Every structure is written in C-alpha cells, then in structure tokens.
Amino acid sequence: MEEAFFDPSTRHHERAMRKVMSNLAAQLNLIQDMTVLALPDPRQESMVSALQRARRASTHDQIFFLYNDHGTLAPTSQGEIWVYDTDFPITPTTYNPVFVSSLVDAAQAGTLYLWDCDNAGCVIDCAVEHGKRRDQDYRQKSAHLPEGIPTQFSHTAYDVHFGACATDQVLPVVDNLPRDVFTACMTMPLAMALRYHSLVDTLQVGRSARDDTPTEMNALDAIPGHVNDRDSPTGST
C-alpha cells in the first residue's frame, strides 16, 4: 500500500523510507514554501531537538508538525506516542513512549499539528489539555511582570490540531488509496479527488487503458499553473 503516493515495497527499506520523506516534503512545499526537517523513525531526543530548532528558526511564525506512526504501536490513552531507541537507519531494538506534552513544550505555542495515527483524538485531547495548563501557568507568572514586556502566544489561541481519526478509532484503510490517506487529502486534495473518482468511475475514464494504473498525477501535471497562484487553473481549482 502506498505512502505519500509511493509504494515502499518496490525498494529496499532505507531507500523506500527516504523516498517517502522526499515525497512528503514535496507535498508540503506545494502548499507553501518551507524548510522541512524530515525525521524517519527518530528517537525522542531527535524529535524534541528538531522542534526546538524549528521554533528558533521560525521566531514568531507558526511551525508545522506531521506525525505518522504507520507501522508502530498505537498511542496510549495517557497521550503517549511511540518512538524507537535509535535514529534511522540504525536498526532499533525497542519502542520508547514519549508524552505528547514534551513535544508541545518543545514546539511552543503557534504550531500546526497533523496526527496521522490511530487514536489521534486522544493525542489531540492530551495535547490541548497540556497547552491549557501551560497557558494558565504563564498567566499566573505574567501577572507579576512589569508592564511593557511582550506577552507570548497562547496554545489555546494559536495551536491547531488535525487528526486522522477520533479517540479509540483506527486509521481508515481503503484499497487503492494511500495508507496515509488523511495526510494525502490534506496536502494533495486534487490528487486524492481524482484518485477517488477513478475508483468509483464505472466508465473507468480515470484509468490508463494500457496498464489500469490511476493517472491522477499525470492529470494534475497537465493542469497549468501553481497551487499558490489563485489566478491559475490549478490555484483556482
């Protein structure tokens, strides 16, 4: 099954992982030009460090965090996600739990999160509750600060969470659609619309007559313009 519109079974694991990361980065840059820090199968320290670097680089801008747990354990009811004990491509030996609160602290307020994982609703609930506690702590501390000191963004007002499923639900799996169907819909809505059309089209006009392969990417390439240019056919669509 595809990940980021690529079938990882067609390549060696390490090369397949890097290809998926490359495709995801390209999908994100179609929405907006950005610097992408790709971390395939990272350990906790690497995730926290990457979020801290992104926050320092972004200053007052929002940063975007995409978590894909396909192939690992589902998040727990306490808001723990699972990571390996080593960084890719070193072969891991065990899973380690990471509280989502530590990621929220590292990313700080003003972060967009996309949780493409089982039990995503629970992860979001835990992240939001932790953000509220951090906001309350800051309000109590700022009450004693001199006037004129700028206030920081609040998690409640500036954090946005997108989840692939609700609490206690598992990710949707649909034949002939990418495994990361939620991420694909968020980052490549036109491609997914064409892919879905090709699946339900009884006349099969969305498929190649030669090899019966979905051709939505070729169809998208044929539409002139850019997604960021609303005056172009691609942007207006």
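Helices (H or I, at least four residues) and strands (E, at least two) are taken as DSSP runs and numbered from the N terminus. The structure is a predicted model, in which local features need pLDDT of at least 70 and side-chain atom pairs count only at pLDDT 80 or more, while totals for chains, interfaces and linings use all residues. Residues are numbered from 1 along each chain as its sequence is written, and side-chain values use heavy atoms, with hydrogens and water left out.

The strands are described first. Strands of a sheet pair through backbone hydrogen bonds, either parallel or antiparallel. Two strands are said to pair if DSSP finds at least two bridges between them. An open sheet of 3 strands is present, with the order S1-S4-S5 and parallel pairing. S1 and S5 are its edge strands, since each pairs on one side only. Neighbouring strands of this sheet are turned by 10° against each other on average, direction ignored; axes here are lines fitted to C-alpha atoms, for helices over the stretch in contact, and angles run from 0 to 180 degrees between N-to-C directions.

Strand S1 (residues 63-68) runs parallel to S4 and is joined to S4 by 6 bridges. In this pairing, leucine 66 has leucine 114 of S4 as its bridge partner. S4 also pairs with strand S5 (residues 160-163), in the parallel sense, over 4 bridges. Leucine 112 is partnered by valine 160 of S5, and tryptophan 115 by glycine 163 of S5. Strand S4 (residues 111-116) is mostly covered, with 5 of its 6 residues buried. Buried means under 20% relative accessible area, exposed over 50%, and partly exposed in between (1.4 Å probe, protein chains only).

H2 lies across S1 and S4 and runs at about 160° to S1, whereas H4 lies across S4 and S5 and runs at about 165° to S5. Helix H2 (residues 44-58) has 15 residues, which at 1.5 Å a residue should span 21 Å; the end C-alpha atoms of H2 are 21 Å apart, in agreement. The expected span is 1.5 Å times one less than the number of residues. The buried residues of H2 include Ser46, Met47, Val48, Ala50, Leu51, Arg55 and Ser58. S1, strand S2 (80-84), H3 and S4 are among the elements that cover the buried residues of H2, where contact means heavy atoms within 4.5 Å.

Charged side chains were examined next. The structure holds 7 salt bridges, each being a side-chain nitrogen of Lys or Arg within 4 Å of a carboxyl oxygen of Asp or Glu. One of them joins arginine 18 and glutamate 14 at 3.4 Å, N to O. These two residues are separated by about one helical turn because they stand 4 residues apart in helix H1 (residues 13-31). Arginine 18 is partly exposed at 46% relative accessible area, as is glutamate 14 at 29%.

A salt bridge between arginine 134 and aspartate 105 has an N to O distance of 2.9 Å. This pair links distant parts of the chain, 29 residues apart, with arginine 134 in helix H4 (residues 120-142) and aspartate 105 in helix H3 (residues 100-107). Within H4, lysine 132 and glutamate 129 are 3 residues apart and so separated by about one helical turn; their side chains meet in a salt bridge of 3.7 Å, N to O.
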